Amino acid sequence: MKLIDTHIHGGYGINFNTCTKEDFSYFAKNILQRGIAAFCPTLVGDSLSALKNRLDLIKNVMQNQKKDESKILGVHLEGTFLNPEKSGIQNAGNFLTPNIENFKKLAGDNIDIIRIVTMAPELDENARLQEFLEENNIRAHAGHTLSKELYKVSATTHHFNAMAPLTHKESNIALKALLNDEIYCEIIGDSLHVTDDMLKLFFKIKSKDRVILVSDALPIAHSKLNSIIFCGKNIQRGGKDKEGTLAGSSLFLDEIAQNLISKGILSEYEVSKMVYDNVIKHLGVKL
């Protein structure tokens, strides 16, 4: 089974926010051996200068990739345009108002390598940034949000996590995205971020053509480390900080796929669509 992971922060002790070009090459070679044919290195919040330097480095890595490496499709920016009230593990001090001006300050000359931007759409005045991103073939994802509307995003980021929960009392973006067959939904199927019963409900409701499985894997995944510093916080092997807040997963996407298949939650065919075919269609890329 070929897989594409559009939401991954690192692994093998490698943090995409801080690692070297050589680290990217090492990671890409090893992840390819797990069947992950391509990925979007996902950057958490940092200073504008640090993120711009990251984009410069990743562009250079992309231009020099070898055939024995998993292909970098482009960057997923997750930590800049979020709602401070749903910051999760991230540092709200790095957040900027989601607008075109701030995005251009960050992207600079590297807009061509940005593939996904996670944002709180309710903070984007008149959905102008969402429109700008989609017009430039960058997918606007709703995540770390308190939005009750979909606005003009094309997907949600790690559905259910860092957004208002489902409730019978009122509607919100988690429910609206479930019911909208035009919207893609990322989901982490590790049985930790979302319980098995909720996963079953999600897959029963959501169109299987609009689900994208992701790992949200942390640098600690498949490393010998007992803890890491991530978003300025000490994260333990299980992916949580000392307060119990989830920072991400300790599993890679192939393991998450196997988890769902082995539990009978999804068939191999369904998983294959969600880790490859749907990603190709959503991002509009070719491998």
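1. Glu-170 and Lys-148 form a salt bridge, with 3.6 Å between the closest N and O atoms; the term denotes a side-chain nitrogen of Lys or Arg within 4 Å of a carboxyl oxygen of Asp or Glu. Glu-170 lies in the loop between β9 (155-156) and α5 (173-179), and Lys-148 in the loop between β8 (139-142) and β9, so the pair ties together parts 22 residues apart in sequence. Helices (H or I, at least four residues) and strands (E, at least two) are DSSP runs, numbered from the N terminus.

2. The model is predicted: local features need pLDDT of at least 70, side-chain atom pairs count only at pLDDT 80 or more, and totals for chains, interfaces and linings use all residues. Residues are numbered from 1 along each chain as its sequence is written, and side-chain values use heavy atoms, with hydrogens and water left out.

3. Glu-170 is partly exposed at 44% relative accessible area, and Lys-148 is partly exposed at 45%. Buried means under 20% relative accessible area, exposed over 50%, and partly exposed in between (1.4 Å probe, protein chains only).

4. A salt bridge also joins Asp-196 to Lys-263 (3.0 Å, N to O). Asp-196 belongs to helix α6 (residues 196-205) and Lys-263 to the loop between α7 (253-262) and α8 (268-283), 67 residues apart. Asp-196 is partly exposed at 23%, as is Lys-263 at 41%.

5. Arg-139 pairs with Glu-134 in a salt bridge (3.0 Å, N to O). Arg-139 is buried at 12%, whereas Glu-134 is partly exposed at 25%.

6. Across the whole structure, nine salt bridges are found. Arg-34, Asp-254 and Glu-255 are linked in a salt-bridge network.
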